[in-house]
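Biologist: I have a model open and want to learn how to read it. Can we go feature by feature?

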Amino acid sequence: MVELTHRPRRLRTTPVLRAMVAETSVEPRQLVLPVFVADGIDEPRPIGSMPGVVQHTLDSLRATAAAAAEAGLAGVMLFGVPKPEDKDPTGSQALAEDGILNRAIAAVRAEVGDTTLVMSDVCLDEFTDHGHCGVLTTMATGAVVVDNDATVELYAEMARAHAAAGVHLVAPSGMMDGQVGAIRAALDADGAQDVAILAYAAKFASSFYGPFREAVASSLQGDRRAYQQDGGNVREALREVALDVEQGADLVMVKPALPYLDVIARVRDLVDVPVAAYNISGEYAMVEAAAAHGWIDREAAISETLTSIRRAGADVVLTYWALEWALGREQGRGRRAGGR
């Protein structure tokens with residue numbers, strides 16, 4: 001028989017021992033729940049491609065935010081869905097005081113106070129009738145493009161409106177050049193120095209966004225490759241991240257998460273600010289669909305997914321499983337899966 005001095009398996013013999021030496025954990029305090037709130041609906045509306053996720057009414061949104069706070073989540077990220085007839089070329093409902101997102105921020109802040117963070121998406125895509133993240137302009141060549149600088153001005157105004165409504169943190173997601181600096185300047189000028197900025201610093205053009213577009217009733221025409229990043233470019237992503245930090249981002253985010261775990265790791269090594277990652281709709285939908293067919297163990301797959309994102313270097317994870325995970329932890333579930 002071979003004499004072995006080193007037997008790493010000794011540290012894997014019992015669940016308690018494995019937990020004691022675990023290098024990576026997923027805690028409720030590290031998770032943010034993305035939530036959708038729709039104008040003009042009387043009850044929560046299921047999202048077909050995202051089983052278990054709904055478009056909320058203001059009442060159900062408040063209840064969900066309260067549950068998130070009670071479960072110890074870091075926060076809720078709010079996305080507004082206006083009535084179809086309220087969309088227009090400039091996304092004006094994004095700035096309206098009575099727009100659905102501004103009303104939602106105020107309602108949730110009144111509900112939870114400071115017990116969990118109220119976070120908001122700063123982007124125009126849900127509110128424009130063309131579905132792009134900014135206002136459009138026609139170039140001399142005849143090409144129709146998103147006007148970067150005009151859009152950034154609107155982002156700054158949108159962030160100011162969110163701050164006035166009570167948001168703790170704004171998250172510009174449109175990938176416009178200079179968006180973080182413009183928002184920081186606008187917030188500071190309004191005396192909202194304590195409102196933090198979570199920059200979508202490395203947001204890649206991705207096929208995994210499909211279910212999200214159903215969730216926000218997107219009117220997108222064309223694609224967003226002219227402003228979202230190319231999936232093969234890591235150096236470009238790192239440059240974008242560094243620029244956002246320079247402009248005053250308090251946290252930076254990589255989106256999507258699973259196809260870009262290497263980017264999360266590189267960003268974590270690059271910056272000193274906290275790093276977030278968004279476990280997006282398509283990643284969620286794949287697990288839910290495969291589990292519904294009995295092809296994978298759902299809870300084990302969720303655990304492995306979230307652990308992989310944290311292991312890659314994300315300090316904060318936005319995930320549609322956030323509340324379920326937190327409640328499972330309370331009930332002694334949500335442990336790391338043990339497989340072969």
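Biologist: Is Phe79 buried or exposed?

Modeller: This is a predicted model, so keep that in mind throughout. Buried means under 20% relative accessible area. Phe79 has 1% relative accessibility, so Phe79 counts as buried. Phe36 counts as buried too, because its relative accessibility is 0%.

Biologist: What is the mean pLDDT of the protein?

Modeller: The mean is 94. Of the residues, 97% reach 70 or more. Treat residues 333-340 with care: pLDDT stays under 50 there. For that stretch the model has 13 contacts beyond four places in sequence.

Biologist: How many aromatic pairs does a search of the whole structure find?

Modeller: A pair of aromatic rings is described by the distance of the centres and the angle of the planes. Here the search finds eight pairs. One of them joins Phe36 and Phe79, with 5.6 Å centre to centre and 35 degrees between the planes. That pair is tilted. Phe36 sits in strand β1 (residues 31-38) and Phe79 in strand β4, so the pair links distant parts of the chain, 43 residues apart.

Biologist: Why is the pair of Tyr284 and Tyr320 edge-to-face?

Modeller: Look at the angle. Planes over 60 degrees apart count as edge-to-face. The planes of Tyr284 and Tyr320 stand at 65 degrees, so this pair qualifies; the centres are 5.7 Å apart. Tyr284 belongs to helix α9 (residues 281-292), and Tyr320 to the loop between β12 (316-319) and α11 (322-330), so the pair ties together parts 36 residues apart in sequence. Both tyrosines are buried.

Biologist: Which residues do ring pairs link into a cluster?

Modeller: Phe36, Phe79, Phe212, Tyr278, Tyr284, Tyr320 and Trp321.

Biologist: Where does Thr128 lie?

Modeller: In the loop between β5 (117-122) and β6 (136-138). Thr128 has a relative accessible area of 0%, so Thr128 is buried. Its side chain reaches the backbone oxygen of His132 at 3.0 Å. Thr128 touches residues including Lys87, Asp88 and Pro89.

Terms used
Residues numbered from 1 in each chain as written. Predicted model: local features only at pLDDT ≥ 70, side-chain atom pairs only at ≥ 80, totals over all residues. Heavy atoms only, no water. pLDDT = per-residue confidence, 0-100. Contact = heavy atoms within 4.5 Å. Phe/Tyr/Trp six-rings, centres within 6.5 Å; stacked < 30°, edge-to-face > 60°. Helix = DSSP H or I, 4+ residues; strand = E, 2+ residues; numbered from the N terminus. Buried < 20%, exposed > 50% of the residue type's maximum accessible area, 1.4 Å probe, protein only. Polar contact = N/O pair within 3.5 Å; in protein donor to acceptor, adjacent residues only side chain to side chain.
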